[in-house]
Amino acid sequence: MKNIQKIENVVKISNSYKLALNNNNLTASLAGLEPTLWRDGKYDIFSLIAELKTNNTFVDITTNGSALLPFSDKFIGSGLSKCRVSVHSFDQKTYSRITGKNNLNNVLEGITRCSQNNLTMVINRVLLKGFTDDIPKGLEFIQKTNINLKLYDLWWVKRIDENYSKYYIHWQDIVSKYITENTSHTEVKYVNFHRNRIIFHLKNGGSVDVKQFNAEQHQRINKCKNCVFNNKCKETFASYIHVFPNGHLTFCNLREDIHLDLKPMLDKNISETELSNYLKSRFNEVIGSDWQKRLKETDLRFYINEACNYKCSFPNSEGYGSLWCLSSIRTNESWNTINNFEEEKTANNII
Ligand code: SF4
(Lines give C-alpha, C1' and ligand atoms only; values in the text may rest on other atoms or scores of the structure.)
Protein backbone atom coordinates (compact mmCIF):
# COMPACT_ATOMS: atom_id res chain seq x y z
CA MET A 1 0.00 0.00 0.00
CA LYS A 2 1.48 3.34 -1.07
CA ASN A 3 1.30 6.32 1.25
CA ILE A 4 -1.15 9.14 0.62
CA GLN A 5 -1.81 12.46 2.31
CA LYS A 6 -5.12 12.68 4.15
CA ILE A 7 -7.47 15.36 2.86
CA GLU A 8 -7.77 17.05 6.27
CA ASN A 9 -3.98 17.24 6.59
CA VAL A 10 -3.48 18.84 3.17
CA VAL A 11 -6.10 21.47 4.05
CA LYS A 12 -4.68 22.02 7.55
CA ILE A 13 -1.10 22.44 6.32
CA SER A 14 -2.17 24.75 3.53
CA ASN A 15 -4.25 26.93 5.90
CA SER A 16 -1.47 27.03 8.50
CA TYR A 17 1.11 27.96 5.87
CA LYS A 18 -1.20 30.73 4.65
CA LEU A 19 -1.55 31.98 8.22
CA ALA A 20 2.21 31.85 8.87
CA LEU A 21 2.91 33.88 5.74
CA ASN A 22 -0.09 36.12 6.17
CA ASN A 23 -0.81 35.37 2.53
CA ASN A 24 -4.44 35.31 1.48
CA ASN A 25 -3.55 34.58 -2.13
CA LEU A 26 -1.82 31.27 -1.57
CA THR A 27 -1.72 28.68 -4.34
CA ALA A 28 -1.37 25.06 -3.29
CA SER A 29 0.17 22.91 -6.02
CA LEU A 30 -0.89 19.29 -6.17
CA ALA A 31 1.74 17.02 -7.67
CA GLY A 32 3.56 13.70 -7.53
CA LEU A 33 3.68 11.14 -8.06
CA GLU A 34 0.50 11.15 -10.23
CA PRO A 35 -2.05 13.27 -8.33
CA THR A 36 -5.07 12.05 -10.30
CA LEU A 37 -4.53 8.58 -8.77
CA TRP A 38 -4.92 10.02 -5.26
CA ARG A 39 -7.82 8.69 -3.17
CA ASP A 40 -8.62 9.17 0.51
CA GLY A 41 -11.66 6.99 1.26
CA LYS A 42 -14.60 8.55 -0.57
CA TYR A 43 -12.53 11.55 -1.72
CA ASP A 44 -10.87 11.84 -5.12
CA ILE A 45 -8.66 14.56 -6.58
CA PHE A 46 -11.63 16.74 -7.52
CA SER A 47 -12.97 16.61 -3.94
CA LEU A 48 -9.53 17.67 -2.69
CA ILE A 49 -9.42 20.61 -5.12
CA ALA A 50 -12.95 21.63 -4.07
CA GLU A 51 -12.07 21.42 -0.37
CA LEU A 52 -8.98 23.61 -0.79
CA LYS A 53 -10.99 26.12 -2.78
CA THR A 54 -13.67 26.19 -0.07
CA ASN A 55 -10.81 27.21 2.23
CA ASN A 56 -10.04 30.16 -0.09
CA THR A 57 -6.88 28.66 -1.54
CA PHE A 58 -6.01 28.75 -5.21
CA VAL A 59 -5.09 25.31 -6.54
CA ASP A 60 -3.03 24.11 -9.47
CA ILE A 61 -1.94 20.64 -10.47
CA THR A 62 0.88 18.82 -12.28
CA THR A 63 -0.22 15.63 -14.00
CA ASN A 64 0.98 13.24 -16.70
CA GLY A 65 -2.32 13.96 -18.47
CA SER A 66 -3.57 10.37 -18.68
CA ALA A 67 -6.84 11.31 -16.92
CA LEU A 68 -7.29 14.59 -18.76
CA LEU A 69 -9.44 13.49 -21.69
CA PRO A 70 -11.67 10.95 -19.87
CA PHE A 71 -12.31 13.46 -17.06
CA SER A 72 -12.07 16.67 -19.07
CA ASP A 73 -15.47 17.96 -17.88
CA LYS A 74 -14.41 17.53 -14.27
CA PHE A 75 -11.07 19.26 -14.89
CA ILE A 76 -12.80 22.12 -16.70
CA GLY A 77 -15.33 22.60 -13.90
CA SER A 78 -12.88 22.06 -11.04
CA GLY A 79 -11.85 25.68 -10.52
CA LEU A 80 -8.15 24.88 -10.93
CA SER A 81 -6.16 28.02 -11.63
CA LYS A 82 -3.71 26.08 -13.79
CA CYS A 83 -3.09 22.56 -15.05
CA ARG A 84 0.48 21.54 -15.92
CA VAL A 85 0.86 18.46 -18.06
CA SER A 86 4.16 16.63 -18.51
CA VAL A 87 4.78 15.87 -22.18
CA HIS A 88 8.41 14.84 -22.56
CA SER A 89 8.18 14.24 -26.31
CA PHE A 90 5.74 15.21 -29.06
CA ASP A 91 6.80 12.15 -31.03
CA GLN A 92 4.65 9.11 -30.20
CA LYS A 93 7.51 6.59 -30.47
CA THR A 94 9.85 8.54 -28.21
CA TYR A 95 6.99 9.36 -25.84
CA SER A 96 6.28 5.63 -25.48
CA ARG A 97 9.93 4.80 -24.93
CA ILE A 98 10.13 7.42 -22.17
CA THR A 99 6.81 6.86 -20.42
CA GLY A 100 5.89 3.28 -21.36
CA LYS A 101 2.51 4.57 -22.65
CA ASN A 102 0.98 4.90 -26.14
CA ASN A 103 -1.47 7.66 -25.33
CA LEU A 104 0.26 10.84 -26.56
CA ASN A 105 -2.63 11.78 -28.91
CA ASN A 106 -5.09 11.25 -26.11
CA VAL A 107 -3.08 13.51 -23.77
CA LEU A 108 -2.77 16.24 -26.42
CA GLU A 109 -6.49 16.02 -27.16
CA GLY A 110 -7.21 16.41 -23.44
CA ILE A 111 -4.98 19.50 -23.31
CA THR A 112 -6.74 21.01 -26.34
CA ARG A 113 -10.21 20.35 -24.97
CA CYS A 114 -9.43 21.84 -21.54
CA SER A 115 -7.68 24.84 -23.07
CA GLN A 116 -10.62 25.51 -25.41
CA ASN A 117 -12.83 25.54 -22.32
CA ASN A 118 -10.77 28.20 -20.55
CA LEU A 119 -8.69 26.08 -18.20
CA THR A 120 -5.14 27.49 -18.26
CA MET A 121 -2.92 24.71 -19.57
CA VAL A 122 0.88 24.52 -19.44
CA ILE A 123 3.11 21.79 -20.85
CA ASN A 124 6.18 20.75 -18.86
CA ARG A 125 9.00 19.25 -20.89
CA VAL A 126 12.30 17.82 -19.61
CA LEU A 127 14.96 18.04 -22.31
CA LEU A 128 16.89 14.85 -23.08
CA LYS A 129 19.91 15.14 -25.39
CA GLY A 130 19.38 13.25 -28.65
CA PHE A 131 15.60 13.35 -28.24
CA THR A 132 14.64 16.90 -29.10
CA ASP A 133 13.92 16.67 -32.85
CA ASP A 134 10.22 16.79 -32.04
CA ILE A 135 10.41 20.34 -30.64
CA PRO A 136 9.10 21.92 -33.92
CA LYS A 137 6.04 19.65 -33.66
CA GLY A 138 5.60 20.82 -30.06
CA LEU A 139 5.90 24.47 -31.10
CA GLU A 140 3.23 23.92 -33.74
CA PHE A 141 0.93 22.45 -31.07
CA ILE A 142 1.43 25.21 -28.53
CA GLN A 143 0.99 27.93 -31.16
CA LYS A 144 -2.22 26.32 -32.38
CA THR A 145 -3.59 25.98 -28.83
CA ASN A 146 -2.02 29.27 -27.66
CA ILE A 147 -0.55 27.78 -24.48
CA ASN A 148 2.78 27.84 -22.65
CA LEU A 149 5.57 25.26 -22.95
CA LYS A 150 8.06 25.11 -20.09
CA LEU A 151 11.45 23.63 -20.90
CA TYR A 152 13.40 22.05 -18.05
CA ASP A 153 17.01 20.91 -17.96
CA LEU A 154 17.44 17.33 -16.79
CA TRP A 155 17.81 17.34 -13.01
CA TRP A 156 20.80 15.53 -11.54
CA VAL A 157 20.14 12.81 -8.97
CA LYS A 158 22.65 10.23 -7.82
CA ARG A 159 20.92 7.22 -9.36
CA ILE A 160 21.19 8.68 -12.91
CA ASP A 161 24.76 9.88 -12.40
CA GLU A 162 26.21 7.52 -15.01
CA ASN A 163 23.68 8.60 -17.62
CA TYR A 164 23.54 12.26 -16.75
CA SER A 165 26.08 13.75 -19.18
CA LYS A 166 24.85 11.44 -21.94
CA TYR A 167 21.33 12.91 -21.73
CA TYR A 168 21.92 16.42 -20.42
CA ILE A 169 21.34 19.33 -22.77
CA HIS A 170 21.06 22.98 -21.72
CA TRP A 171 17.82 24.76 -22.68
CA GLN A 172 19.91 27.47 -24.35
CA ASP A 173 20.84 25.01 -27.14
CA ILE A 174 17.17 24.35 -27.84
CA VAL A 175 16.27 28.03 -27.70
CA SER A 176 19.01 28.89 -30.24
CA LYS A 177 18.09 26.04 -32.55
CA TYR A 178 14.29 26.22 -32.55
CA ILE A 179 12.79 29.02 -30.47
CA THR A 180 14.56 32.27 -31.37
CA GLU A 181 13.43 32.27 -35.01
CA ASN A 182 9.80 31.83 -33.90
CA THR A 183 9.93 34.51 -31.18
CA SER A 184 8.20 37.88 -31.49
CA HIS A 185 9.47 39.26 -28.18
CA THR A 186 11.16 38.12 -24.99
CA GLU A 187 10.16 38.95 -21.45
CA VAL A 188 12.15 38.38 -18.24
CA LYS A 189 10.35 37.92 -14.93
CA TYR A 190 12.79 38.86 -12.19
CA VAL A 191 12.61 37.50 -8.66
CA ASN A 192 14.78 38.38 -5.69
CA PHE A 193 15.79 35.03 -4.28
CA HIS A 194 15.31 32.26 -6.76
CA ARG A 195 15.56 31.76 -10.52
CA ASN A 196 14.41 34.36 -13.03
CA ARG A 197 12.05 33.22 -15.72
CA ILE A 198 12.60 34.02 -19.40
CA ILE A 199 9.50 33.91 -21.59
CA PHE A 200 9.74 33.72 -25.37
CA HIS A 201 6.45 34.91 -26.84
CA LEU A 202 5.98 33.18 -30.17
CA LYS A 203 4.97 34.94 -33.40
CA ASN A 204 1.94 32.73 -33.97
CA GLY A 205 0.65 32.48 -30.40
CA GLY A 206 1.75 30.60 -27.32
CA SER A 207 5.03 30.99 -25.44
CA VAL A 208 8.07 29.05 -24.30
CA ASP A 209 9.41 29.53 -20.84
CA VAL A 210 12.71 28.64 -19.11
CA LYS A 211 14.21 29.26 -15.69
CA GLN A 212 17.62 30.87 -15.48
CA PHE A 213 19.95 29.49 -12.84
CA ASN A 214 21.68 32.22 -10.83
CA ALA A 215 25.08 30.97 -9.68
CA GLU A 216 25.83 34.16 -7.71
CA GLN A 217 22.60 33.86 -5.78
CA HIS A 218 23.52 30.24 -5.04
CA GLN A 219 26.78 31.34 -3.47
CA ARG A 220 25.07 34.01 -1.36
CA ILE A 221 22.81 31.50 0.38
CA ASN A 222 24.69 29.75 3.18
CA LYS A 223 22.77 26.50 2.96
CA CYS A 224 23.63 26.25 -0.76
CA LYS A 225 27.21 27.51 -0.46
CA ASN A 226 28.01 24.77 2.03
CA CYS A 227 25.90 22.05 0.43
CA VAL A 228 27.38 18.75 -0.70
CA PHE A 229 25.41 19.08 -3.95
CA ASN A 230 26.38 22.65 -4.62
CA ASN A 231 27.94 21.98 -8.03
CA LYS A 232 25.17 19.62 -9.16
CA CYS A 233 22.13 21.62 -8.11
CA LYS A 234 20.43 24.33 -10.15
CA GLU A 235 17.95 25.71 -7.62
CA THR A 236 18.25 27.76 -4.45
CA PHE A 237 17.29 26.73 -0.95
CA ALA A 238 13.59 27.29 -0.17
CA SER A 239 12.60 27.88 -3.79
CA TYR A 240 10.00 25.16 -3.20
CA ILE A 241 8.28 24.00 -0.06
CA HIS A 242 7.40 20.34 -0.59
CA VAL A 243 5.16 18.32 1.68
CA PHE A 244 5.33 14.53 1.38
CA PRO A 245 2.87 11.80 2.43
CA ASN A 246 5.15 10.89 5.37
CA GLY A 247 4.55 14.39 6.80
CA HIS A 248 7.99 15.75 5.94
CA LEU A 249 8.20 19.33 4.76
CA THR A 250 11.35 20.03 2.72
CA PHE A 251 12.98 23.11 1.18
CA CYS A 252 14.62 21.89 -2.01
CA ASN A 253 14.70 18.86 -4.26
CA LEU A 254 17.97 17.22 -3.23
CA ARG A 255 18.11 17.75 0.53
CA GLU A 256 15.29 15.83 2.14
CA ASP A 257 17.54 15.50 5.18
CA ILE A 258 16.81 19.18 5.88
CA HIS A 259 13.16 18.90 6.78
CA LEU A 260 10.43 19.55 9.33
CA ASP A 261 8.53 16.50 10.51
CA LEU A 262 4.86 17.51 10.71
CA LYS A 263 3.53 14.00 11.31
CA PRO A 264 3.63 13.95 15.13
CA MET A 265 1.68 17.22 15.22
CA LEU A 266 -0.83 16.12 12.58
CA ASP A 267 -1.34 12.86 14.48
CA LYS A 268 -2.12 14.88 17.63
CA ASN A 269 -4.60 16.94 15.60
CA ILE A 270 -3.10 20.28 16.61
CA SER A 271 -4.93 23.42 15.55
CA GLU A 272 -4.10 25.51 12.50
CA THR A 273 -2.92 28.35 14.75
CA GLU A 274 -0.54 26.04 16.63
CA LEU A 275 0.81 24.58 13.41
CA SER A 276 1.22 28.03 11.94
CA ASN A 277 3.21 29.16 15.02
CA TYR A 278 5.41 26.09 14.72
CA LEU A 279 6.05 26.83 11.02
CA LYS A 280 6.94 30.45 11.74
CA SER A 281 9.50 29.56 14.35
CA ARG A 282 11.08 26.72 12.34
CA PHE A 283 11.18 28.73 9.07
CA ASN A 284 13.01 31.44 10.94
CA GLU A 285 15.52 28.88 12.20
CA VAL A 286 16.03 26.94 8.95
CA ILE A 287 15.70 29.64 6.28
CA GLY A 288 16.73 32.73 8.25
CA SER A 289 15.19 35.96 9.43
CA ASP A 290 14.12 36.98 5.90
CA TRP A 291 12.04 33.79 5.55
CA GLN A 292 8.77 35.64 4.97
CA LYS A 293 10.13 37.60 2.02
CA ARG A 294 11.75 34.53 0.55
CA LEU A 295 8.71 32.31 0.88
CA LYS A 296 6.57 34.92 -0.91
CA GLU A 297 8.37 33.74 -4.08
CA THR A 298 7.98 30.07 -3.23
CA ASP A 299 5.49 27.45 -4.38
CA LEU A 300 3.82 25.25 -1.76
CA ARG A 301 3.73 21.84 -3.38
CA PHE A 302 2.02 18.74 -2.02
CA TYR A 303 3.26 15.35 -3.15
CA ILE A 304 -0.07 13.79 -2.34
CA ASN A 305 0.62 10.14 -3.06
CA GLU A 306 3.38 7.68 -3.87
CA ALA A 307 1.83 6.03 -6.94
CA CYS A 308 2.26 6.66 -10.66
CA ASN A 309 1.03 4.88 -13.77
CA TYR A 310 4.04 6.06 -15.82
CA LYS A 311 7.74 5.17 -15.43
CA CYS A 312 9.65 8.03 -16.98
CA SER A 313 13.04 6.62 -18.02
CA PHE A 314 15.77 7.40 -20.54
CA PRO A 315 14.70 6.15 -23.99
CA ASN A 316 17.85 4.09 -24.60
CA SER A 317 18.52 2.77 -21.13
CA GLU A 318 16.85 0.41 -18.72
CA GLY A 319 16.67 -0.24 -15.02
CA TYR A 320 16.92 1.77 -11.87
CA GLY A 321 19.66 4.13 -13.12
CA SER A 322 17.41 5.09 -16.00
CA LEU A 323 14.52 6.46 -13.91
CA TRP A 324 15.05 10.21 -14.07
CA CYS A 325 11.67 11.45 -12.80
CA LEU A 326 12.53 13.77 -9.95
CA SER A 327 9.19 13.19 -8.26
CA SER A 328 9.99 9.52 -7.81
CA ILE A 329 12.93 10.25 -5.51
CA ARG A 330 11.71 9.45 -2.05
CA THR A 331 13.02 10.01 1.40
CA ASN A 332 15.15 6.98 2.13
CA GLU A 333 16.87 7.10 -1.22
CA SER A 334 17.62 10.79 -0.91
CA TRP A 335 19.07 10.38 2.55
CA ASN A 336 21.25 7.47 1.47
CA THR A 337 22.48 9.54 -1.43
CA ILE A 338 23.49 12.36 0.87
CA ASN A 339 25.27 9.98 3.25
CA ASN A 340 27.13 8.37 0.35
CA PHE A 341 28.19 11.73 -0.96
CA GLU A 342 29.42 12.86 2.44
CA GLU A 343 31.53 9.69 2.61
CA GLU A 344 32.88 10.08 -0.93
CA LYS A 345 33.65 13.70 -0.25
CA THR A 346 35.66 12.81 2.84
CA ALA A 347 37.41 9.90 1.15
CA ASN A 348 38.25 11.54 -2.18
CA ASN A 349 37.81 15.23 -1.59
CA ILE A 350 35.96 15.32 -4.92
CA ILE A 351 33.38 18.04 -4.28
S1 SF4 B 1 20.46 20.86 -2.83
FE2 SF4 B 1 19.33 22.44 -1.69
S3 SF4 B 1 20.80 23.26 -0.19
FE4 SF4 B 1 21.94 22.10 -1.77
S5 SF4 B 1 22.59 23.62 -3.29
FE6 SF4 B 1 20.62 22.77 -3.97
S7 SF4 B 1 19.04 24.15 -3.14
FE8 SF4 B 1 20.94 24.55 -2.04
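The model is predicted, with local features needing pLDDT of at least 70 and side-chain atom pairs counting only at pLDDT 80 or more, while totals for chains, interfaces and linings use all residues.

**Stop 1: two helices.** Select residues 7–21 (helix α1) and 272–286 (helix α12); their axes come within 8 Å and cross at roughly 60°. Helices here are DSSP runs of H or I with at least four residues, and strands are runs of E with at least two.

Now show side chains. In α1, Lys12, Asn15, Ser16, Tyr17, Leu19 and Ala20 meet residues of α12, including Leu275, Leu279 and Phe283; contact means C-beta atoms, placed from the backbone, within 7 Å.

**Stop 2: a cis bond.** Move to Gly32 and Leu33, which are joined by a cis peptide bond with omega of about -10°. Leu33 sits in the loop between β1 (27–31) and β2 (39–40). Most peptide bonds are trans.

**Stop 3: two asparagines.** Pick Asn22, in the loop between α1 and β1. Its phi is near 55°, a positive value in a residue other than glycine. Is Asn22 buried or exposed? Asn22 is exposed because it has 10 C-beta neighbours inside 10 Å; exposed means 12 or fewer such neighbours, buried 20 or more, and partly exposed in between.

Finish at Asn56, between α2 (45–54) and β4 (58–63), where phi is near 60°. Asn56 also counts as exposed, with 11 neighbours.

Technical notes
Residues numbered from 1 in each chain as written. Axes fitted to C-alpha atoms, helices over the stretch in contact; angles between N-to-C directions. Contact = placed C-beta atoms within 7 Å.
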